[in-house]
Amino acid sequence: MDNNIIIETLPRFLSGALLTLEITSLSVILGFLLAIPLAIMRVSKSPFINIPAYCFNFYFRGTPLLVQLFLIYYGSGQFQSFLSDIGLWQFFREAYFCAILSLTLNTAAYSSEIFRGGILGVPFGELEAARACGMSGPLLYRRIIMPAALRIAWPAYTNEVVFLLQASSLVSIITLMDITGVARVVSARSFAFYELFITAGVLYLILVYGLIFVFKRIEKRITAHLSPDVMIR
Amino acid sequence: MAIAILLGLGAALCKLSKIKSLGILAETYTTVIRGIPELVLILLVYYGAPTLIQDTAAFFGLDIYVEIKPMIAGIFTIGFIYGAFATEVFRGAFLAVGKGQIEAAQACGMGPILVFRRILLPQMWRFAIPGLGNVWMVLIKATALISVIQLPELMRNTDIAARNTHKPFTCYFTASLLYLAITIFSLLFQQWAEKRANRGVRREA
């Protein structure tokens, strides 16, 4: 076991960890913003609203993230002239942009299904009460459904964010230097394979369990009014 | 998947067993595996394990050369990872089998192994199938990662095709449709299996 190489590459690992966190948090935020309208579309009774969202979710949940990543990063090259005509090529040329885009679309599909479950889980009596108070449409969603649905969906959403953090390791394949990327490049040069990959694994473990800790704290906060024995884990 | 199911069964029993050390062992296994991305583990096993073995051997004064084939590395890593996920599914399923069933079996004079084989195992499938179905779906998609260590599976072949034809979008899109087809078939199979496993259950009217 060569400890020196771990200490030497630690600064690079830390900058890799920063990139991992950056990509994950950006995709989580963007994915969240996309997932809410998708979830609302999914609970709609009109097939014209429901089916497009269903197809989107089915495609992104049914295919590997790696394929989606390659489809966007390499696949966009096939439309290079078209994309540069409309001025988007400079985005699709960047691995960073493609990574964010595919992770966002992927997590939006998964988390919209989670939120859909949350929305369906809101007790009907609460809806009736809100309607009786004269709330409708957007106000009903903003004040009653969304807060309650988020509370129900939070534990499952925690899982999804953890999966996304792990899935962000795939961006190392399209040349980005996140934790996995650093481990791959340095080990290919130094042949210290297991030392570096174990370090990478430990870093991910720290990030994942740190993230779970934070999300549990938030969960405690948003469900503080419920007694602990009501909470189902 | 077979490895994952066996490992999952074993680890779930460890977690439920009264022997503390076995429980801790299984707990560590699932915690560590579920906290590390698949890609890192695959690379660790494929590139890291041979050098680790060689270094340990050299430490004991042996000079050997070890190489792991991508196929073996892929199967074992995927099995190992999803064993951890299957563990949780099986644990829940075993706990879902009614306690009265086990007590009745013990009252009939069955030993622990017989109880497990005749009572627990057949009944817990009913609860485990939906969870296992999910694990299977995730597993299918995880196999795409093995292309990174050059195993010529669907994704790797698509890579080669994309490079030769210079039509990456068409190729990757076709690959994604193939994955979708596998997913649809698995869904149908899962529905059939669930129906079969539940055929002895009385429905409430």
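Analyst: What follows is a set of questions and answers on this predicted model.

User: How many helices are in chain A?
Analyst: Chain A has zero strands. Its pattern along the sequence is α-α-α-α-α-α-α-α-α-α. The number of helices is 10.

User: What box do the C-alpha atoms of chain A fill, along the principal axes?
Analyst: Chain A has 233 residues, of which 38% count as buried. Along the principal axes, the C-alpha atoms fill a box of roughly 70 × 50 × 25 Å.

User: Of the contacts in chain A with a separation of 6 or more, what percentage comes from residues 24 or more positions apart?
Analyst: A contact here needs C-beta atoms within 7 Å. Take the contacts in chain A with a separation of 6 or more. Residues 24 or more positions apart make up 77%.

User: Where in chain A is confidence highest?
Analyst: The mean pLDDT of chain A is 84, and 96% of its residues reach 70 or more. Confidence is lowest in helix H4 (residues 80-85) of chain A, with a mean of 75. The highest mean, 90, belongs to H6(A).

User: Are H1(A) and H2(A) oblique or roughly parallel to each other?
Analyst: The axes of helix H1 (residues 3-43) and helix H2 (residues 47-62) of chain A come within 7 Å and cross at roughly 125°. Angles under 35 degrees would count as roughly parallel, and those over 145 as roughly antiparallel. The angle therefore makes H1(A), relative to H2(A), oblique.

User: Which residues of H2(A) meet H1(A)?
Analyst: The crossing of these two helices, H1(A) and H2(A), is left-handed. H1(A) brings Leu38(A), Met41(A) and Arg42(A) to the contact. By class, the contact of H1(A) with H2(A) has six nonpolar residues, one polar and one charged. From H2(A) come Ile49(A), Asn50(A), Ala53(A), Tyr54(A) and Phe56(A).

User: What is the handedness of the crossing of H6(A) and H8(A)?
Analyst: Helix H6 (residues 95-120) and helix H8 (residues 137-167) of chain A pack at an angle of about 145°. Their axes are 8 Å apart. The crossing of H6(A) and H8(A) is right-handed.

User: How many nonpolar residues are in the contact of H6(A) with H8(A)?
Analyst: H6(A) contributes residues including Leu103(A), Tyr110(A), Ile114(A) and Phe115(A). Among those from H8(A) are Ile145(A), Leu150(A), Tyr157(A) and Leu164(A). Four residues of the contact are polar and one is charged. The nonpolar count is 14.

User: Is Thr9(A) buried or exposed?
Analyst: Thr9(A) sits in helix H1 of chain A. Beyond its neighbours within four places in sequence, Thr9(A) is in contact with Val182(A), Val186(A) and Leu196(A). The cut-off for burial is 20 or more other C-beta atoms within 10 Å. Thr9(A) has 21 such neighbours, so Thr9(A) counts as buried.

User: What distance separates the C-alpha atoms of Thr9(A) and Ile174(A)?
Analyst: Along the chain, Thr9(A) and Ile174(A) are 165 residues apart. Their C-alpha atoms are separated by 21 Å.

User: Which helix gives the largest share of the side of chain B that touches chain A?
Analyst: In all, 28 residues of chain B are in contact with 31 residues of chain A. The elements giving two or more residues to this side of chain B are H2 (20-35), H3 (38-59), H7 (154-165) and H8 (168-197) of chain B. By class, this side has 21 nonpolar, five polar and two charged residues. The largest share, nine residues, comes from H8(B).

Notes: Residues are numbered from 1 along each chain as its sequence is written. Chains are lettered from A and ligands numbered from 1 in the order in which they are written. This is a predicted model: local features need pLDDT of at least 70, side-chain atom pairs count only at pLDDT 80 or more; totals for chains, interfaces and linings use all residues. Two residues are in contact if their C-beta atoms, placed from the backbone, lie within 7 Å. Helices (H or I, at least four residues) and strands (E, at least two) are DSSP runs, numbered from the N terminus. Ala, Val, Leu, Ile, Met, Phe, Trp, Tyr, Cys and Pro count as nonpolar, Asp, Glu, Lys and Arg as charged, and the others, Gly among them, as polar. Axes are lines fitted to C-alpha atoms, for helices over the stretch in contact, and angles run from 0 to 180 degrees between N-to-C directions. Angles under 35 degrees count as roughly parallel, over 145 as roughly antiparallel, 65 to 115 as roughly perpendicular and the rest as oblique. A crossing is left-handed if the near helix is turned anticlockwise from the far one by less than a right angle, and right-handed if clockwise. pLDDT is the predictor's confidence in each residue, from 0 to 100. A residue is buried if 20 or more other C-beta atoms lie within 10 Å of its own, exposed if 12 or fewer, and partly exposed in between; C-beta atoms are placed from the backbone.
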